[in-house]
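Colleague: I would like to learn how to read a model of this kind, one feature at a time. Please give me the general idea and then the case at hand.

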Amino acid sequence: EVQGISGGAGLGDSAGALASLKAAVQIRESLVASEPTSFVDRSLLAKTLGPFGATLAATGDSPGSLAASRRAVSLLEAVVAESPGDAQVRRALADAHFYLSNRLSSEGDPAGTLGEMKKALAIYERLSTSLPADLRLRAATDADARAIWTVHTRAIRISAASHYTEDELDDVVLARLELELI
């Protein structure tokens, strides 16, 4: 992905980045196919699908990006189910849900966006409270949770904008956030 990704640091070669990531995904897919129960191979495939999906989106392949994002979430959900105590994998799952929410937002799916954001936020919050000893991971997780709340608030505003005046929107956002905290 260093070769080039829209909005990220790179060398400006999005086609090269896409080709490299596609090859990486194919290699990881073949490793998973040869050992379908490998925790490590499935985790690494899911983590490779994230930048692959981002690069697909940057190069205009929205359906491919969405499919890669959904596949990453699916793989990480299975891995987390097998090893729920692995904080790094749980954080990767939260990140995958958050990225999928961004993809769904780009596709004009506010309900899907909010659903994925809520899943990500719930994982970030559980991680934050369960990681008092790992200060670096906890700080990163807390920052992720704050970012989700910011985006979540914007998403509520967007989904409600067509139904309310600008003055009413703040009250609607606060009411929805309060309901979600109950």
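Predicted model: local features only at pLDDT ≥ 70, side-chain atom pairs only at ≥ 80, totals over all residues.

Colleague: Which residues of α1 are buried?

Modeller: The general idea comes from helix geometry: with 3.6 residues a turn, residues three or four places apart point the same way. In α1 the buried residues are Gly 16, Ala 17, Leu 21, Val 25 and Val 32. These buried residues pack against α2. For α5 the buried set includes Leu 114, Met 117, Leu 121 and Tyr 124.

Colleague: How many helices and strands are in the protein chain?

Modeller: The protein chain has 7 helices and 0 strands. Of its 182 residues, 39% are buried. Among contacts between residues at least 6 apart in sequence, 53% join residues at least 24 apart.

Colleague: Which residues have the most contacts inside the largest nonpolar core?

Modeller: In soluble globular proteins, nonpolar side chains tend to be buried together. Here the largest nonpolar core has 28 residues, and those with the most contacts inside it are Leu 45, Leu 49, Phe 52, Leu 76 and Leu 93. Two or more residues of this core come from each of α1, α2, α3, α4 and α5. Leaving aside neighbours within four places in sequence, Leu 45 is in contact with Val 25, Arg 28, Glu 29, Val 32, Arg 71 and Leu 75.

Colleague: With which residue does Glu 29 form a salt bridge?

Modeller: Side chains of opposite charge can pair when their charged atoms come close. The partner of Glu 29 is Arg 71, with the closest N and O atoms 3.1 Å apart. Glu 29 lies in helix α1 and Arg 71 in helix α3, so the pair ties together parts 42 residues apart in sequence. Glu 29 is partly exposed at 29% relative accessibility, and Arg 71 is partly exposed at 33%.

A second salt bridge joins Glu 82 and Arg 42, at 2.6 Å from N to O. Glu 82 is in helix α3 and Arg 42 in helix α2, so this pair ties together parts 40 residues apart in sequence. Arg 42 counts as buried because its relative accessibility is 7%, whereas Glu 82, at 48%, counts as partly exposed. The total count is 4 salt bridges.

Colleague: Where is Glu 107 placed?

Modeller: Glu 107 is in the loop between α4 and α5. Glu 107 forms a salt bridge with Arg 103, the closest N and O atoms being 3.6 Å apart. Not counting residues up to four places away in sequence, Glu 107 touches Ser 62 and Leu 66.

Methods: Residues numbered from 1 in each chain as written. Heavy atoms only, no water. Helix = DSSP H or I, 4+ residues; strand = E, 2+ residues; numbered from the N terminus. Buried < 20%, exposed > 50% of the residue type's maximum accessible area, 1.4 Å probe, protein only. Contact = heavy atoms within 4.5 Å. Core = buried A, V, L, I, M, F, W, Y, C linked by side-chain atoms within 4.5 Å. Salt bridge = Lys/Arg side-chain N within 4 Å of Asp/Glu carboxyl O.
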